[in-house]
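Student: I would like to learn how to read a model of several chains. Please take me through it one feature at a time.

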Amino acid sequence: MTPRLRRRVFLAAAAVAGAWLLWGLTGLPDYGVYNGPYGDVLNRVAVAERKATNVVASVTFDYRGVDTMGEEYILFAAVLGVAILLRAQRDETEQSPDEDAADRHAPATSNAVRVIGLGLVGPVVLFGIYVVAHGHLTPGGGFQGGVVLATGALLVYLSGEYVTLRRVSPEVLTDAAESVGAAGYVAIGLLGVVAGATFLTNVLPLGRPGALLSAGTIPPINLAVGLEVAGGFVLLLSEFLEQALVIRRPGEVT
Amino acid sequence: MRFLPYVVAAWLLLVGLYGIVTSRNLVHAIICLSVAQSSTYILLLSVGFRRGGTAPIFLDVPVGTRAVDPVVGALTLTDIVVGATVSALLLALAVQAHKHHGTLDPERLKPERD
Amino acid sequence: MDLLPALPVALPLLVAAALVGLAPVCPRPVADAAAVLTAALVTLACLALLVISLDGPVVYWFGGWTPRGGIALGVAFAVDPVGAALATLAGVLATAALTFSWRIFEAVRTLHHGLMLVFLAGIVGFCLSGDLFNMFVFYELFSVAAYALAGYQTTNPGSVRGALNFAITNSVGAILVLGGIALLYGRTGALNLAQLGQSLARGPADRLVVAAFLLLMVGFFVKAAVVPFHFWLADAYALAPTVVGVLFAGVVSELGLYAVARVYWTVFSGPMAGVEGLRGVLLLGAVTTALVGGVMCLLQHHLARMLAYATVSHVGLTLAGFALLGPVGVGGAVLYLLADGLVKGALFISVGIVDHHLHDVDERRLRGRGRHMPWAAALMVAGALGLAGVPPFGTFLGKALMEEAALEAGTPWLIGLFVVVAALTSAALLRATGRVFLGLGGPSPGSPSPGGPGGGAGSGAGSGAEPGYRDHHRHAHPTQVAPAVLLLAAAVAVGLAPGITGVVERAAARFTDRAGYAAAVLEGVAGPGVRVPHPPVPLAAPAFWAVLSALLGLGLALAALAPERVPGRLRDGVARVWGPVAATLRGLHDGGIGDSVTWLVVGMAAFGTLLAVVVR
C-alpha cells in the first residue's frame, strides 16, 4: 500500500477498533472501586505468611515466583539475542576504540562531567545494592536494583572512556554474572524440590517481618535477579557501544 | 473521571500503533511500540487502584490498612521488563538493518519479491 | 520428588544458563551434545506427562500455594493430554533440529544453543500452564527467543528485515493479549484459568467479556498467522535458519490456535456457549486463511517461503476443526496439528539439506541440480503426501475426524475446502520436487538463469550462503537425513497407533469440559470424565477425499511443469482467472512493517464488528 492509502485505511480501522475497545472498557468497574478477591486476600495474609512487608515483592517472588523466573529468562534471552546479533561479522575487524581519533566529531568529555560522573559512581552502586537487599521490605527489589547498578557502569563510561568501562566490567565477568543470576533462580527453585515440596517453595527460615534477613528465599532470589539484571544491562551497554565504537567494516570511516 | 484512565490507555495504544504505521525511521517505530506497550501499564494499574488506598507495603502502616491491589503491581513490573528487553532486541536488529541496507526507513525495507 | 511437571521447563533453562556462562571454556562438541541431550530429556518428560495425564489432569501448584476457598493464590501447571502432546511435539522437533544442525551450523560459541533451549522451555511452559498470566509470560519468553533466532543470520539482509517485521507485529499482538488479561482481571480478580471460568460462568456474555475475548483471540491469532494477521510470517520463517524454521513451522504457529482454544474452553465457554454465530466467525477466518495461504504457497518459488505459506494454509484448516466447537472437531484438529507439525518439520529439514548441499533454495535456479540426492527427493515427496493427508499419515486421520465433525455440524462444504487446500499445498511441493530433483519443467519465462546471482540473495535457510563454509559433501550425512526420516515415521506412527482415535476423543472431551477442568484444578477432584462414546468414524469416505486431494495436487504440479501439454483453451481460461488473482495477492503481500500492523488493526476492527453483530 502507498503510505497515504495506508494511513487512511489505518485511521478508518482504528476508529472502529477504538470504538470497540472503549465500549468494552466501560464494562470495567469504575476507576478506584476495585474489589477483586485475589489482591484483598494477599494484602491480608502475605505479611503474616511470608514475613515480608512488601506485598508486591512477595507476590512477585513467592506467590507468583514462576512468572518472575520466566521474566528473568526473557531478559536473559533478549541480552543473549543482542549479543549474537551484534557480534563482529567475519569481514569486520575490531579496532581500538577511536574516541581520540582525528575524525571523531563528538566533543571531548568535559571535566565537569568527568568529576560529577566519577563522584556519583560510588553512591549509585551503593544505592543499587541497598535497593536489591531491601526488596522484601520496601519498594524495590532485584529488577529495580539491578538497573540502578547498571547505571553505575554507564556513569563509568560517561566519565571516562569505553576502555575504562571494559576494564571495570570485562565480558567474562558480565557473562558470568548473568548466568549465575539466571541459573541461581532455578537452583533456588530446586531447593524446594530437594526439601520435598514443589518447585519454588519458600523453604528457608522466615524470620521476623521488618528484619533484613527475613522472608525466606525472597532475599536470595532478589540477589540472583539483581545480579542477572545488572550483568545483563551492562552487557547490553557494552555490546551497543562496541558496535558503535569498535567494530569497523573494511573501508568504513567512523 | 470514572473511566478516564481507561480511555487514556486506549488512546495510548492507538497513537502508538499510528506511529508505527506511519513511521519513516525504525528507531521512531520502536519508540512508538514502547508507547503502545505503556498503554497496558496504565490499564493494569488503573484496574487495581483503590481510592484512598496506600501502597501495599506494610512496614510503617499496620496490616489491614486500605491498600491498592498488589497483584497488578507485580504484573506491571513483569510487563515493563518484557517491554524493555524487546525494545533492546529490536534496536539491535535496527542497527544490523542499517549496516546492511544503509537505511533506517521501513518504507525502503520491504520484502523481496519471489 | 515432586518435580516432573516443572522439570521440562526448569531443566532447559538451567542448562541454557550453564552453557552461556561456561561458553569460553566449553568445547563445541560438548555443547552440541548437552543441547541435544537436554532436548531429548524434555521430550521424554513431556511424554511421561502425556501418559500420566490420560487418566486425569496433573495439577502442580508452584511454591505449594494450593487454592483456598476457590481462590487460586499461586500459579499452577494444569497438564492435560492436549497440552502435553503439544509440548512433546515441541521437544521432538527441537531434538531433531539440534541433531540436524550438529555438523552444519556456525554458532557464536555456544550462545545459540542457549537460545534454542530457552525457546524450548518457553514453549513447554506455555503448553502446560493453567494460569493466564503465566501463559503470557511463557508466550513472551519463546517469542523473544524467536525474534533473536529469526534474525540470527545477520549476513543475510533479508533475515534481519523479516525479524523486525516479526518482532514488531508479534509484540503488538502480545500487547492485545495483555489488554484482554487486564480486562478479565478487572472483572473477576483472577488469573487462574479455572477460576476465571468459574467466575465468568456466573454472569452473561456482556460487552467486557466479549471485548476481552476479542483481544485475546486477535492477539493469539497474530502468532498463529490467521489472515489478516499473517503478513509477517513468510519473511520470518523462510529466512530464518533451518534449525529454527523446523520449530516455527512445526509448532509455534499452532500454539496460537491452542491458546485460543484453551482460553475459550476454560474461560469463555460458560457465558459464550449460547452465542450462535461464533462458529461462523471463526470459520470465516479459517476459510480465508486456508485459501490465501494455499494460493500464495503455489505462487512461491523459494522453497522455504513455500513451506511458510503452507504453514499458514494448514493453520486455516486446523482452525476450521477448532471452529466447529465440538469434541470431535477439536480431537481431529489436535491430531491433524500434531501430524502436520511433524511433516512440516521433516520438510524444513529436507529444504535445509538441499540448501546445505546446493547452496540455493529457489526451485527455478535449482532445476535438475538435485539429481544425485535421492534421499532428499524421497523425503520431499513423502512430505508432500503427508501434507495432502493421504493414509497412513496421521494428517489423514485428523482430517477424517474433522470432516466427520463438519458433517455433524451441518457444514459439509468444509470437506471441499480440505480437498482443495491440501491439493494446493501438495501441488506446490510436488512441482518443486519435480523441478529440482528430476529436472522437469523447462525454464519458465522470467526465471533467473542458473548462472545468475548465486546463493546470496535468494537463499536463507541454513548457512549455505555463508562464505567460508568449506564442507561440500555431495551426499547427505546421516545426522541430516535421519532426523527427517524419524519425523516422518513419527507422523505415520501417530496415524497408525492402535486406539489412537479413542484416546484423542477422550482427550478432546476433557479439553472441552469446562466444569470438569475447574473441579480438577481448584478442588483436586478427579472428575468422572465425560464419557459420551462416539460411534467409530468411517474412514472410507475420508480416504477417498484424501486420495482425490493428492491426485489433484499431482495434476496441478504436472500442469505447472509442462504447461504446453495442457489444452490451449483450458490454459487460457485458467490464466485469465489466475493472473489477476495472483497479481492482487502478490501486491498485498509486498508490504513491510507498516502494512502488517495496518492489516492487524483492520483485522481487529473486522473481527470486532463480526463479534458485535453475532453477540447481539
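Predicted model: local features only at pLDDT ≥ 70, side-chain atom pairs only at ≥ 80, totals over all residues.

Student: How is the size of an interface given, and what area do chain B and chain A bury between them?

Tutor: The size of an interface is often given as the accessible area lost when the parts come together. Buried area here is the accessible area (1.4 Å probe) that two parts lose on being put together, summed over both. Chain B and chain A bury about 4,600 Å² between them, and 71% of that is on carbon and sulfur atoms. Contact means heavy atoms within 4.5 Å; by that rule 49 residues of chain B and 53 residues of chain A take part.

Student: Which helix gives the most residues to the side of chain B that touches chain A?

Tutor: The polar contacts come before that. A polar contact is a pair of N or O atoms within 3.5 Å; within protein, one must be able to donate a hydrogen and the other to accept it, and residues adjacent in sequence count only if both atoms are side-chain atoms. Six residue pairs are in polar contact across the interface of chain B and chain A, both residues being at pLDDT 80 or more. On the chain B side, α1 (4-21), α2 and α3 each supply at least two residues. The most comes from α3(B), with 18 residues. By class, this side of chain B has 33 nonpolar, eight polar and eight charged residues. Ala, Val, Leu, Ile, Met, Phe, Trp, Tyr, Cys and Pro count as nonpolar, Asp, Glu, Lys and Arg as charged, and the others, Gly among them, as polar.

Student: How many residues of chain A and of chain C take part in their contact?

Tutor: The contact takes 61 residues from chain A and 73 residues from chain C. Between them these chains bury about 5,800 Å², 71% of it on carbon and sulfur atoms. Nine residue pairs, both at pLDDT 80 or more, are in polar contact between chain A and chain C. Elements giving two or more residues to the chain A side include α1 (3-25) and α8 (171-194). The largest share of that side, 15 residues, comes from α4(A).

Student: How many salt bridges are there between chain A and chain C?

Tutor: Side chains of opposite charge can pair when their charged atoms come close. A salt bridge is a side-chain nitrogen of Lys or Arg within 4 Å of a carboxyl oxygen of Asp or Glu. Chain A and chain C have two between them, whereas the count for chain B and chain A is zero. In one, C:Asp595 pairs with A:Arg6, with the closest N and O atoms 2.8 Å apart. A:Arg64 and C:Asp131 also form a salt bridge, at 2.6 Å from N to O. This pair runs from the loop between α3 and α4 of chain A to the loop between α4 (111-128) and α5 (132-150) of chain C. A:Arg64, A:Asp67 and C:Asp131 are linked in a network of salt bridges.

Student: Are A:Arg64 and C:Asp131 buried or exposed?

Tutor: Buried means under 20% relative accessible area, exposed over 50%, and partly exposed in between (1.4 Å probe, protein chains only). Both A:Arg64 and C:Asp131 are buried.

Student: Where in chain C do the partners C:Arg262 and C:Asp80 lie?

Tutor: Their side chains meet in a salt bridge at 2.7 Å, N to O. C:Arg262 is in helix α10, and C:Asp80 is in the loop between β2 (76-79) and α3 (81-100), 182 residues apart. C:Arg262 has a relative accessible area of 1%, so this residue is buried.

Conventions. Residues numbered from 1 in each chain as written. Chains lettered and ligands numbered in written order. Heavy atoms only, no water. Helix = DSSP H or I, 4+ residues; strand = E, 2+ residues; numbered from the N terminus.
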